[in-house]
Amino acid sequence: MSDNPLISLEDIEVHFTNENLLNFDEPETVHAVDGVSLDIEENDIVSLVGESGCGKTTLGKTAIGLQRPTGGSVTYRGEDIWAVRDGTATTETEWEDIRTSLQIIHQDPGASLNPNRRIVSILSEPLRQVNPELSRSEKRSRIYSLLERVGMNPPQDFAERYPHQLSGGEQQRVALCRALLMNPDVILADEAISALDVSLRVEMMDLMLDLQDEFDTSYIFISHDLSNARYFSGHGGGKIGVMYLGELVEVGPAEDMINDPQHPYTNVLRWATPDLALRGTGEPPMRKIDVPDPVDPPSGCRFHTRCPKATEACRQETPSDYQHGEQTVACFREDENHEYWDSPELTD
Amino acid sequence: MAIDQTTDRRVYSADDPIIEIRNAAVTYDEGRSYVLDHVSLELERGEILGVVGESGSGKSMLASSLLDAVPSPGHLTGEITYRPDGKAPINILELEKADRRSLRWEDISMVFQGAMNSFNPTLDLRTHFEETLRAHDADIKKGLGRAEELLEDLYLEPDRILDSYPHELSGGMQQRALIALSLVLDPDVLVMDEPTAALDLLMQRSILLLLSDLQEKYNLTMVFITHDLPLVAALADRMAIMYAFRLVEIGDTRDIVENAAHPYTRALLNSTPNLDAPLSEMQPIDGQSPAPINMPTGCAYHPRCPLATEECRTEVPDYHEVETDHGSACYHWQASYDEVPLLHENSPGDTTGGVDE
């Protein structure tokens with residue numbers, strides 16, 4: 001075994017270009033992800049949080065090889081996965097094996113399960129791929145024991161149902177089982193609990209955490225809810241990464257990110273997370289409600305148009321990453337000597 | 001099966017009710033089962049009421065009942081009285097079709113969940129506003145003026161929004177435009193069913209702030225229906241908790257959050273991930289909420305309740321008065337304080353929220 005991280009993202013850039021045949025204007029380019037570097041270790045949990053459209057799903061899909069980056073590299077145990085895919089790498093590793101190791105659970109469990117097939121047939125598919133030597137009855141018994149493990153009792157009954165006969169929480173458990181049966185190294189859980197009732201979310205997260213130990217897998221957990229990210233990453237000893245308009249603005253250990261957020265945007269997300277303290281909501285710590293257009297992201301620090309602490313320097317220059325304890329923060333406020341402090345405040 | 005929650009009126013009554021609900025019940029099978037089980041409630045003029053319940057607890061049925069808009073073939077019984085300011089009370093369930101049509105939107109308006117599905121994708125927003133005004137014989141020019149003001153109140157650029165098609169707007173913008181559309185006829189009451197469910201948290205929270213501004217500016221009465229208790233706790237004056245098609249607890253937001261007196265409400269508070277509570281202490285609620293066709297006898301929560309006794313299994317509990325204006329439909333509400341301790345009570349209250357330096 002090497003010291004390579006399980007997955008390593010290096011300076012990832014994903015741009016989507018919309019070329020319109022009838023339109024002779026400049027093609028529009030959406031900067032979905034820009035210059036993100038992130039490592040995922042064995043048995044790790046990385047939660048990505050941010051607003052709709054901040055690129056967290058695109059980054060997640062890039063990490064598990066479902067989206068080809070337009071720049072930068074994705075390595076799996078030290079191997080560049082797109083070089084393996086294209087056959088340009090000098091290695092024994094097969095693309096198929098990489099693909100199998102990196103799985104996904106989608107946001108809408110109802111739409112991700114084939115409505116025409118029974119649960120047992122949906123769950124047989126991954127087993128057929130990974131363990132083709134298993135007999136029909138061995139497959140069944142394995143499916144039953146996993147269904148039982150995720151709390152779907154009696155499994156014989158649930159296995160014969162169709163997806164529409166399950167509740168949302170049960171559907172999501174089936175999707176989780178399907179991913180686990182591939183024996184993956186990483187599962188991308190893309191807003192996997194957002195469609196569930198608030199009261200069911202903790203249960204689902206607990207289940208995912210329990211199964212992590214049993215199946216020895218890592219999670220990339222995508223959520224717009226900081227309290228869920230904190231619960232999930234916190235319990236698994238993982239990290240939280242905050243994304244804004246395609247960039248990773250702050251990343252660090254879960255509890256540090258909650259108790260001592262450094263980036264003004266992390267603070268905005270902190271404000272947006274409901275709690276029961278009943279202080280009243282107060283004014284949001286930002287200047288504008290809506291996110292700028294990712295086709296034409298703001299210059300300098302992309303958050304400067306909404307940031308309550310922004311100065312002229314933020315408009316001019318892009319902050320690099322600063323280290324604050326175990327957190328990595330892309331904000332000039334980390335640098336005491338930066339011209340930011342003498343620059344006029346932005347107020348528009 | 002039908003219970004009468006009206007005996008102790010004090011716990012849910014309002015001083016100046018704008019809407020009174022008495023024994024509202026919805027059935028889809030001639031009374032064998034109920035998807036809204038004889039709910040009584042009064043809505044105070046100018047208040048924001050948060051109705052909290054899990055999926056399938058009947059909260060959307062309650063919302064639809066307020067406009068007599070229960071999806072067919074559901075059958076709504078009971079009494080729902082609307083008391084406009086300075087005018088004679090109106091019994092909503094006995095209105096003629098034309099009157100009911102004008103009551104909706106002009107007096108009581110509703111925002112449904114999923115703004116994306118509420119707009120017609122082939123029409124621009126201006127047409128949506130104009131059609132609504134025309135359908136209610138309102139002055140179009142004046143109405144559009146009001147629309148522009150509402151859009152500005154919601155931090156949207158009126159010209160840009162009115163000339164856009166729904167798909168050209170982000171989810172948050174669509175949802176805000178929909179709120180503006182629902183208020184364009186100057187209703188007294190705004191009923192919102194999960195108005196922010198499909199949006200990210202930051203947008204949800206921003207919309208909540210805007211709603212509270214709108215409530216003040218236009219003197220609205222609002223009903224905010226959601227499964228997310230902490231979210232609505234920041235907005236609502238009063239909260240009503242639903243479980244299995246019945247109201248189980250009602251009271252001021254502060255009383256519900258800090259002094260919840262129903263084991264279900266307390267379990268719900270404990271099951272919600274929260275940045276304030278210590279990390280280790282979240283507890284899911286064991287078991288599942290029941291379906292209408294196999295409702296447990298007695299208190300519907302008894303199979304999941306640590307306090308359940310024989311009484312709970314046989315007899316549906318009535319409201320017990322915890323304090324003035326705070327009622328809990330539980331026989332053992334006093335015991336629930338010790339049996340189901342609240343996790344967020346012990347956490348320091350002042351170390352959270354926006355961190356200022």
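**Where the chains meet, and two parts of chain A**

Modeller: Happy to! 42 residues of chain B are in contact with 40 residues of chain A, contact being C-beta atoms, placed from the backbone, within 7 Å. This is a predicted model, in which local features need pLDDT of at least 70 and side-chain atom pairs count only at pLDDT 80 or more, while totals for chains, interfaces and linings use all residues. Residues are numbered from 1 along each chain as its sequence is written, with chains lettered from A and ligands numbered from 1 in the order in which they are written.

On the side of chain B that touches chain A, the elements giving two or more residues are helices H6 (171-182), H7 (201-218), H8 (229-233), H9 (253-259) and H10 (263-270) of chain B. Helices (H or I, at least four residues) and strands (E, at least two) are DSSP runs, numbered from the N terminus. H7(B) gives the most, with six residues. By class, that side of chain B has 21 nonpolar, 15 polar and six charged residues; Ala, Val, Leu, Ile, Met, Phe, Trp, Tyr, Cys and Pro count as nonpolar, Asp, Glu, Lys and Arg as charged, and the others, Gly among them, as polar.

Now to a helix pair within chain A. The axes of H8(A) (168-180) and H9(A) (198-215) come within 11 Å and cross at roughly 15°; axes are lines fitted to C-alpha atoms over the stretch in contact, with angles running from 0 to 180 degrees between N-to-C directions. H8(A) and H9(A) are therefore roughly parallel to each other, the label for angles under 35 degrees. A:Gly169, A:Gln172, A:Leu176 and A:Leu180 of H8(A) meet A:Leu200, A:Met204, A:Met208, A:Leu211 and A:Phe215 of H9(A). That contact has seven nonpolar, two polar and no charged residues.

Chain A also holds an open sheet of four strands, ordered S2-S1-S4-S5 with antiparallel pairing; strands pair if DSSP finds at least two bridges between them. S2 (28-40) and S5 (79-80) of chain A stand at the edges with a single partner strand each, so one side of each has no neighbour in the sheet. S1(A) (7-18) pairs with S2(A) over nine bridges, and A:Ile7 has A:Ile40 as its bridge partner in S2(A).

A:Asp11 is found in S1 of chain A. A:Asp11 is exposed, with 12 other C-beta atoms within 10 Å, as exposed means 12 or fewer. Leaving out residues up to four places away in sequence, A:Asp11 touches A:Gly35, A:Ser37, A:Gly71 and A:Gly72.

Conventions: Angles under 35 degrees count as roughly parallel, over 145 as roughly antiparallel, 65 to 115 as roughly perpendicular and the rest as oblique. A residue is buried if 20 or more other C-beta atoms lie within 10 Å of its own, exposed if 12 or fewer, and partly exposed in between; C-beta atoms are placed from the backbone.
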